Amino acid sequence: MRMSPKASAIFYFVFGSLFFYLAILAAETTIWNFKTILFAVFATLDFGLSFRMLKTHLYLKKKNKK
């Protein structure tokens, strides 16, 4: 069973928020440590996928409306 783009967008947004929160917690004295940067990269990728899935959902919704 396939997930809809809207459900995927929500899924990726939740995980992006989780990784962002973990990056904040991992920052000790400086943000330039490996864990913080790794969590920030994963959060960025998840937010990017979330916005792409939302854009796909809106495109399909507009296309089906015609």
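Buried means under 20% relative accessible area and exposed means over 50%, with partly exposed in between (1.4 Å probe, protein chains only). These legends describe a predicted model, in which local features need pLDDT of at least 70, side-chain atom pairs count only at pLDDT 80 or more, and totals for chains, interfaces and linings use all residues. Residues are numbered from 1 along each chain as its sequence is written, and side-chain values use heavy atoms, leaving out hydrogens and water.

**View 1. Trp32 sits in the loop between helix 1 (5-26) and helix 2 (34-65).** Helices here are DSSP runs (H or I, at least four residues), numbered from the N terminus. Trp32 counts as exposed because its relative accessibility is 68%.

**View 2. Take a look at Thr36, a residue of helix 2.** Thr36 is buried because its relative accessible area is 7%. Contact means heavy atoms within 4.5 Å; not counting residues up to four places away in sequence, Thr36 touches Ala23, Ala26, Ala27 and Ile31. The C-alpha atoms of Thr36 and Leu22 are separated by 7.8 Å, and these residues are 14 apart along the chain.

**View 3. Now find Asp46, also in helix 2.** Leaving aside neighbours within four places in sequence, Asp46 is in contact with Tyr12, Phe15, Gly16 and Phe19.

Note on methods
Helix = DSSP H or I, 4+ residues; strand = E, 2+ residues; numbered from the N terminus.
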